[in-house]
Amino acid sequence: MRKTEIRRGTVGGLKFPNQGIVRTDEGVFVVKNTLPGQTISFYVRKKRAGRNEGQLEEIISPSPEETETPCPHFRICGGCAYQSVPAETENEWKRQMVSDLLASCVSEYPGMADRGYFEGIVPSPEAEGYRNKMEFSFGNMEKGGALTLGMHVSGRFHDVVTVEHCRIADPDMITLLKAVLDYALSRSWSAFNRNTHEGFLRHLLIRKGQRSGEILLDLVTTSGGGTLPEDFKDMLLSLKLEGQLSGILHTVNDALSDAIVNEETRLLYGRDYFTETILGKDFRITPFSFFQTNSAGAEVLYRKVREFAGEKKRRLIFDLYCGTGTIAQIMSDLAEKVVGVEVVEEAAEAAKENAERNGIDNIDFISADVAKVVSGLPERPELVVVDPPREGMSPKALGGLLRLGAESIIYVSCKPTSLVRDMKELFNAGYSLKRAAAVNLFPRTTGIETVALFAKE
Ligand code: SAH
């Protein structure tokens, strides 16, 4: 990449996920990792009609909105984008980003959206220590450097910064992180290196029920080191924590990709799940099942889904991409029957057991790929809730959804650009946008959840 052309400018606005917009005489540039109001210098990376890209060289002066003392790892750690501004500012920026994205799509489809469809952003009840799950990586800060445990360094995928002051993780997670790192250092264990395929330690997965206080800890390593010493577990159990460890696990993963692959999980202590209470319902969550990472925020999100569904009683509701069945359960009193579809078998199994435990008997959970089963399901639902992963729905799944011909569709999306892409197909199929709202499930980070209600006359 040639880095010779440098420009200077002030960031005027934001484009999802965290790209500052800088207007210059040559046109508009988008520059990642910048905030509105900052004066910056940047390298010209790409010049294209309508979209020029810049790479940040230096923040020359901060934004007038930057009034908070951020976490000491800010700008090194790749985890957060909005540490230096108040929660209200972040919420306002995210509201504007989602509003602009939806409006850009709606403007291409005149008459397909109700007036005033966008209801703004609902903040997270907590903006500090809210995360119920952290997936820390082992690594180092430079090649051959000391062992680190924490988050990937922003823009440098191989480096890991130890995050001993993380503001968004639950405080117990940081206590555990430090203890596991100290233990690993005392044993001279090394991090798995994805280039040489040598080393032992890969990830430390910690999940905690914010309501129950139950903590599930899983150390992920390669198979090279064999079983973990007995005193690893004893060391963890002797720590002073606000919550309590309900399970200690050791997962073996020799796969080359960075994702946690569960080749074998050994239970070292307790049980292999933790529990959490959401809107009065109890959920048992297994180590690899999806569960919203902000428990109080999830309640706000699910309340919004319920509000969009209205109080009308339906015969049949589908919950597609249902995870451990949270939405299906929360909607179960609105229908004679609910069908949940989830591809991860472990999650679908847990969903069944959770519903039973909560005394709900009108939900069928199917463990399958939505794209494969959706058009083959025998009955026609009046309402379908979809909550796909970041990439949105596959064309096949979306086609199947449209063939169901439900009166109403509630689309829950953790990536508004995917929602906007899929929304075009909904408009083309005759659905109109009735209501939409953003929910800030991921304070301080670039993440944002969007809920949208579509209906067909
Ligand atoms: N609605 C749930 C889960 C949403 S996350 C909740 O609020 O907790 C998306 C879920 O979709 C994950 O559980 C993931 O395992 C599942 N998933 C991903 N691709 C899928 C597919 N093709 N078919 C079915 N489920 C899928």
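Q: Before anything else, what counts as a disulfide here?
A: A disulfide is a pair of cysteine sulfur atoms within 2.5 Å. The model under discussion is a predicted one.

Q: How many disulfides does the structure hold?
A: It holds zero disulfides.

Q: What about C322: which cysteine sulfur is closest to it?
A: That of C414, at 15 Å, so the separation is again too far for a bond. C322 is also buried, at a relative accessible area of 4%.

Q: Changing topic, what is the strand order in the open sheet of eight strands?
A: The order is β6-β21-β22-β20-β19-β16-β17-β18, and the pairing is mixed.

Q: Which strands stand at the edges?
A: β6 (118-122) and β18 (363-367) do. Each has a single partner strand, so one side of each lacks a neighbour in the sheet.

Q: What does the twist average from one strand to the next?
A: The average is 15 degrees.

Q: How is β17 joined to β18?
A: β17 (residues 335-342) and β18 run parallel and are joined by five bridges. Within this pair, V339 stands opposite D364 of β18.

Q: Which strands does helix α1 touch?
A: Helix α1 (residues 87-106) packs on the sheet and touches β6, β21 (432-439) and β22 (449-455). The direction of α1 makes about 150 degrees with that of β6.

Q: And where does helix α8 lie?
A: Helix α8 (residues 395-404) lies across β16 (314-320), β19 (383-386) and β20 (408-413). It runs at about 160 degrees to β19.

Q: At what angle do α8 and α9 pack?
A: The angle between α8 and α9 (residues 416-428) is about 35 degrees, and their axes are 11 Å apart. The crossing of these two helices is right-handed.

Q: Which residues make that contact?
A: From α8 they are L398, L401 and L402; from α9 they are D422, E425 and L426. Sorted by class, the contact has four nonpolar and two charged residues, with no polar ones.

Q: Moving to β10, how many of its residues are buried?
A: Eight of the eight residues of β10 (residues 201-208) are buried, so the strand is largely enclosed by the rest of the structure.

Q: What does β10 pair with?
A: Strand β7 (residues 133-140) pairs with β10 in the antiparallel sense over five bridges, and K133 has R207 of β10 as its bridge partner. β10 also pairs with β11 (residues 214-221), in the antiparallel sense over seven bridges. There, L204 stands opposite L219 of β11.

Q: Which residue takes a positive phi in the hairpin of β10 and β11?
A: G213 does, with phi near 75 degrees; the hairpin has five residues between the strands.

Q: Where are the residues other than glycine that have a positive phi?
A: S188 has a positive phi of about 60 degrees, and H197 has a phi near 60 degrees. S188 is in the loop between α2 (171-186) and β10, and H197 is in the loop between α2 and β10. S188 counts as exposed at 64% relative accessibility, whereas H197 counts as partly exposed at 43%.

Q: Which residues does a cis peptide bond join?
A: F16 and P17 are joined by one, with omega of about 0 degrees. P17 lies in the loop between β1 (6-15) and β2 (19-24).

Q: Now F308: buried or exposed?
A: F308 counts as buried, with 5% relative accessibility. It is found in helix α4 (residues 295-309).

Q: What does F308 touch?
A: Not counting residues up to four places away in sequence, F308 touches E119, I410, R435, A436, A437, V451, A452 and L453.

Q: Lastly, where is K281, and what is it in contact with?
A: K281 is in strand β15 (residues 281-285), and is partly exposed at a relative accessible area of 22%. Leaving aside neighbours within four places in sequence, K281 is in contact with E276, Q329, N358 and I360.

Methods
Residues numbered from 1 in each chain as written. Predicted model: local features only at pLDDT ≥ 70, side-chain atom pairs only at ≥ 80, totals over all residues. Heavy atoms only, no water. Buried < 20%, exposed > 50% of the residue type's maximum accessible area, 1.4 Å probe, protein only. Pairing = 2+ DSSP bridges. Helix = DSSP H or I, 4+ residues; strand = E, 2+ residues; numbered from the N terminus. Axes fitted to C-alpha atoms, helices over the stretch in contact; angles between N-to-C directions. Contact = heavy atoms within 4.5 Å. Left-handed = near helix turned anticlockwise from the far one by under 90°. Nonpolar A, V, L, I, M, F, W, Y, C, P; charged D, E, K, R; others polar.
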